[in-house]
Amino acid sequence: MKVIRKFFCFCLLTLVAFASISQASCSGVFFQSKQKQAIAIIEKIEGFKVKENRLPNSLSEIGVAETEEGPIYYRKISETRYEVWYGTKLGESVTYDSERKTWE
């Protein structure tokens with residue numbers, strides 16, 4: 001009976017460890033996917049700015065569907081400055097500032 005209990009505990013711990021590792025690697029892949037989407041949107045915004053000599057008022061002007069769920073968000077701050085951001089986890093996000101050309 002003790003052997004079965006030890007085997008069960010070993011299997012349970014292995015399963016928990018595997019689930020933790022899988023979640024960490026999946027969230028990293030998801031983060032990279034959002035980063036790539038955000039960069040593609042920034043490139044579209046910059047292309048629009050060159051062609052139209054202004055910033056788009058919304059993502060729909062550059063052919064990107066806007067939803068409340070995102071995953072990528074855009075805000076025109078002024079005629080020359082904008083932000084693009086996406087959520088990384090609950091209550092946290094990564095933001096691109098066009099004036100500084102940095103991610104925060």
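User: Which residue stands opposite Tyr-86 in strand 3?
Analyst: In this predicted model, the residue opposite Tyr-86 in strand 3 is Val-94.

User: And how do strand 2 and strand 3 pair, over how many bridges?
Analyst: Strand 2 and strand 3 pair in the antiparallel sense, and the pairing runs over 6 bridges. Another position in this pairing is Lys-89, whose bridge partner in strand 3 is Glu-92. The two strands form a hairpin with 2 residues between them, and Gly-91 in the turn has a positive phi of about 85°.

User: What about strand 1, how does that pair with strand 2?
Analyst: Strand 1 and strand 2 also pair in the antiparallel sense, over 5 bridges, and they form a hairpin that leaves 5 residues between the strands. Within that pairing, Tyr-73 has Trp-85 in strand 2 as its bridge partner.

User: Where does strand 4 come in, and what does strand 3 do with it?
Analyst: Strand 3 and strand 4 pair in the antiparallel sense over 2 bridges, with Asp-97 standing opposite Thr-102 in strand 4. Their hairpin has 4 residues between the strands, and Lys-101 takes a positive phi near 55° there.

User: So in what order do the 4 strands sit in the sheet?
Analyst: The 4 strands form an open sheet in the order 1-2-3-4, with antiparallel pairing. Strand 1 and strand 4 (102-103) stand at the edges with a single partner strand each, so one side of each has no neighbour in the sheet.

User: Are Tyr-82 and Tyr-96 buried or exposed?
Analyst: Tyr-82 and Tyr-96 are both buried.

User: Which residues do the ring pairs link into a cluster?
Analyst: The cluster that the ring pairs link together consists of Tyr-74, Tyr-82, Tyr-86, Tyr-96 and Trp-103.

User: How many residues are in the largest nonpolar core, and which have the most contacts inside it?
Analyst: The largest nonpolar core has 16 residues, and those with the most contacts inside it are Ile-41, Ile-45, Ile-62, Tyr-74, Tyr-82 and Val-84. At least two residues of this core come from each of helix 1, strand 1, strand 2 (82-89) and strand 3 (92-97), while the largest share, 5 residues, comes from helix 1. As background, nonpolar side chains in soluble globular proteins tend to be buried together.

User: What is Val-84 in contact with, leaving aside neighbours within four places in sequence?
Analyst: With those neighbours left aside, the contacts of Val-84 include Ala-38, Ile-42 and Ile-45, as well as Ile-72, Tyr-74, Val-94, Tyr-96 and Trp-103.

User: Now Leu-55, where is that?
Analyst: Leu-55 is placed in the loop between helix 1 (2-52) and strand 1 (72-76).

User: Why does Leu-55 count as buried?
Analyst: Leu-55 counts as buried because its relative accessibility is 0%, and the cut-off for buried is under 20%. Leaving aside neighbours within four places in sequence, Leu-55 is in contact with residues including Ile-45, Phe-48, Tyr-74, Lys-76 and Tyr-82. From Leu-55 to Lys-76 there are 21 residues in sequence, and the two are 7.4 Å apart in space, C-alpha to C-alpha.

User: What share of the whole chain counts as buried?
Analyst: Of the 104 residues of the chain, 25% count as buried. The chain exposes about 7900 Å², of which carbon and sulfur atoms supply 62%.

Terms used:
Residues numbered from 1 in each chain as written. Predicted model: local features only at pLDDT ≥ 70, side-chain atom pairs only at ≥ 80, totals over all residues. Heavy atoms only, no water. Buried < 20%, exposed > 50% of the residue type's maximum accessible area, 1.4 Å probe, protein only. Contact = heavy atoms within 4.5 Å. Core = buried A, V, L, I, M, F, W, Y, C linked by side-chain atoms within 4.5 Å. Areas by Shrake-Rupley, 256 points an atom, 1.4 Å probe, with all protein chains shown as cover. Pairing = 2+ DSSP bridges. Phe/Tyr/Trp six-rings, centres within 6.5 Å; stacked < 30°, edge-to-face > 60°.
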